[in-house]
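Hi,

Here is the structure I promised to pass on.

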Amino acid sequence: MKPTFRQSMQWLHTWAGVVLGAVLMAVFWSGTLLVFDREIDRWMAPMTRLPVIETSTPLDPMIRPFIATAVEVGASSITVALPYEREPTLRVSFRDVSGLARYNLDPGTGRILPDPETAAATDFLYRFHYSMHIRFANVGIWLVGLAGMALLALCVSGIAIHRKILADFFTFRPSKNQRRAILDLHNAAGVLGLPFNVVITLSGMIIFYAEYFPSAVRSLYPNAASYYSEIFDSHSRPKSHVPADAISVDTVRHAAQKIWNGDRIQYLVINHPGDAAASMRVVRATDNIVLLQGDTAFFDAATGALLYHRAKPEPVKRAQGFIAGLHFAQFQHWTLRWLYFVLGLSGCVMIATGYVYWVDKRRKRHEQQGLSGVRLVEGLAVGSTTGLIIATLAFFVANRLLPLGTTFLGYERAALEGWAFYFAWIVTFAHAWLRPRRAWIEQCWWIAAFAVAAVLLNGITTGDHLVRSLTHRHLWAIAGMDLLLLAGAMVAALAAGKLQRRAVAPPASSARGRPPSDGIE
Amino acid sequence: MRALLATMVRIVVSVGGGYAATSGIVSALAVVLFRCGLTRSEAVVLASMLGFGVYLGLLLWGIAAPRLWRFALGLALLAGGGFAVAWLMHGGVVWIG
């Protein structure tokens with residue numbers, strides 16, 4: 001449509017970014033936060049901030065009563081998730097007549113902890129990340145997929161329109177002029193983060209390969225169910241209807257650990273509890289491997305005999321599991337975890353500066369020609385960057401302000417936190433469109449205020465203020481979150497102050513200057 | 001206005017048509033890989049994973065193609081050909097049992 005390939009790519013880069021930037025920002029931002037999903041969970045569910053127990057602590061005495069209850073209510077299975085460093089509670093769940101019964105236990109004492117009543121990161125932010133909570137006809141998943149494809153196209157077109165890709169590595173001229181500095185930052189974040197951005201986007205979509213390309217499954221299988229039953233390695237046997245007691249969970253746990261060189265057990269499931277044909281499915285944790293599909297072993301729950309231990313998955317499925325594992329980052333490696341976080345943030349910077357550059361370049365021309373595009377896109381940019389951050393902070397603040405047991409208009413506390421997120425987000429969009437001149441500055445101040453409020457509220461409502469959390473090893477997740485919130489508040493306040501000074505006295509000399517000349521005009 | 005309409009049509013053809021063509025290629029690829037000796041589920045996973053690259057290529061081609069109708073024709077051939085191959089060879093699979 002444009003005379004040359006480079007110009008076509010230029011056009012694609014400009015417009016794909018503007019149209020899907022808001023979705024991309026939402027996915028990148030939530031993904032960046034989800035790097036610390038369990039830590040955010042601890043922050044939002046204070047009753048689960050527990051010291052980590054020794055892995056050798058016997059669990060039988062704590063689990064037995066729940067197995068008995070599950071047998072009584074006729075549950076078909078009972079799941080026990082074991083505690084570890086990032087998730088220090090023992091979680092037991094089974095399905096009874098009224099739905100899924102879930103219990104959080106303190107593994108040190110066996111005490112049942114109060115229901116956290118929050119969807120926190122591993123539920124709310126997680127679903128937001130891959131589906132934006134749009135469940136209708138899977139529209140959310142497809143929208144995120146489209147944005148993912150757009151990001152790949154943006155990466156390719158971004159490279160295609162640059163002649164000096166290597167020079168962009170080392171170019172950042174913050175003092176030259178504002179637009180030049182924005183573009184340099186966009187290029188630096190885009191080029192330095194390129195491998196990460198491509199891998200994280202592609203791997204995210206490969207997780208959903210069967211969702212995005214159902215035609216592959218359909219061409220070889222009569223239906224999706226038969227495909228899944230083939231790839232989900234499982235072992236099942238019918239109920240015998242002869243009652244029998246399950247043997248010790250700890251015995252089976254240790255037997256499984258022996259198979260896996262002492263590696264930790266993630267969770268175990270007892271099928272047909274209370275029956276003589278009951279089995280235990282034990283799943284190995286993926287602490288020291290990237291591959292997501294953990295090893296699984298099946299034991300006879302009555303005798304403790306090993307029934308079935310699956311072989312390694314086939315090579316392509318192993319590769320898919322590795323790619324998915326790269327994305328989920330469930331391995332235990334704090335340096336890599338922080339690296340994911342920093343690279344995620346750099347992706348956010350890339351998206352945000354792309355927006356700002358688009359707006360800045362057209363502002364004057366649109367004003368002269370009376371076009372409304374800049375105003376529309378600037379509102380979108382504000383709402384999807386500072387607005388999204390405010391929404392996230394409102395989610396945290398609502399979590400600390402709403403007492404346990406709160407209901408409103410029939411919604412429970414966990415849902416209300418979600419509403420706080422969306423309400424705040426909508427308000428920031430409205431604000432951005434109503435006050436275009438002041439929106440960036442004011443929303444930066446809001447970020448600073450909300451972040452500080454979240455830290456203060458955490459200290460007041462839980463007593464785990466920074467002095468306490470920094471001096472207790474098991475509260476470092478809380479300390480980390482508080483410190484990041486404070487750092488964010490500081491950055492936001494500095495940005496707001498700087499923008500304010502510039503708005504009061506627009507620098508005459510530095511606002512102009514030679515236009516960028518590396519093909520982005 | 002005409003330019004905007006032309007752009008919209010191009011985007012719809014690239015995104016929607018590109019997906020249809022990718023879908024056809026992926027199903028054909030899955031069947032061919034299976035026939036080449038991969039197990040059924042392995043063929044599905046490999047073909048799907050390669051699909052993302054195929055779709056990206058088609059998207060970029062759609063945006064850069066000088067004549068949209070030729071690109072659209074190419075997509076139609078790819079989609080039709082892909083599904084035809086998958087259907088014909090899948091029929092074979094059923095015959096084998």
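Some housekeeping first. This is a predicted model, so local features need pLDDT of at least 70 and side-chain atom pairs count only at pLDDT 80 or more, while totals for chains, interfaces and linings use all residues. Residues are numbered from 1 along each chain as its sequence is written, chains are lettered from A and ligands numbered from 1 in the order in which they are written, and side-chain values use heavy atoms, with hydrogens and water left out.

**The sheet**

Chain A has an open sheet of 7 strands in the order S3-S2-S1-S4-S5-S6-S7, with antiparallel pairing. Helices (H or I, at least four residues) and strands (E, at least two) are DSSP runs, numbered from the N terminus, and two strands pair if DSSP finds at least two bridges between them. Strands S3 (99-105) and S7 (306-309) of chain A sit at the edges with a single partner strand each, so one side of each has no neighbour in the sheet. On average, neighbouring strands of this sheet are turned by 15° against each other, direction ignored.

Helix H3 (residues 60-72) of chain A lies across S1 (77-81), S2 (90-96), S3 and S4 (265-271) of chain A, running at about 5° to S2(A). For that angle, axes are lines fitted to C-alpha atoms, for helices over the stretch in contact, and angles run from 0 to 180 degrees between N-to-C directions. Contact means heavy atoms within 4.5 Å.

**Salt bridges**

The count over all chains is 26 salt bridges, each being a side-chain nitrogen of Lys or Arg within 4 Å of a carboxyl oxygen of Asp or Glu. Here are three of them:

- Arg49(A) pairs with Asp464(A), the closest N and O atoms being 2.7 Å apart. The two are 415 residues apart, with Arg49(A) in the loop between H2 (37-44) and H3 of chain A and Asp464(A) in the loop between H18 (439-462) and H19 (466-471) of chain A. Arg49(A) is buried at 8% relative accessible area, and Asp464(A) is buried at 7%. (Buried means under 20% relative accessible area, exposed over 50%, partly exposed in between, with a 1.4 Å probe and protein chains only.)
- Asp287(A) pairs with Arg264(A), again with the closest N and O atoms 2.7 Å apart. Arg264(A) counts as buried, at 14% relative accessibility.
- Arg437(A) pairs with Glu367(A), the closest N and O atoms being 3.1 Å apart. Arg437(A) is exposed, with a relative accessible area of 62%.

There is also a network of salt bridges linking Asp37(A), Arg38(A), Glu39(A), Arg42(A), Arg86(A), Glu87(A) and Arg91(A).

**The cores**

A nonpolar core here is a set of buried Ala, Val, Leu, Ile, Met, Phe, Trp, Tyr and Cys residues joined through side-chain atoms within 4.5 Å. The largest has 100 residues, of which Phe396(A), Trp425(A) and Leu485(A) touch the most other members. Helix H1 (residues 5-34) of chain A gives the most to this core, with 14 residues. Apart from this core lies another, of 28 residues, including Ala75(A) and Met280(A).

**Two residues to look at**

Asn399(A) is in helix H16 (residues 386-401) of chain A and is buried, with a relative accessible area of 0%. Leaving aside neighbours within four places in sequence, Asn399(A) is in contact with Trp43(A), Met44(A), Thr118(A), Arg413(A) and Glu417(A).

Arg91(A), from the network above, lies in strand S2 of chain A. The C-alpha atoms of Arg91(A) and Val80(A) are separated by 5.7 Å, and the two residues are 11 residues apart along the chain.

Cheers
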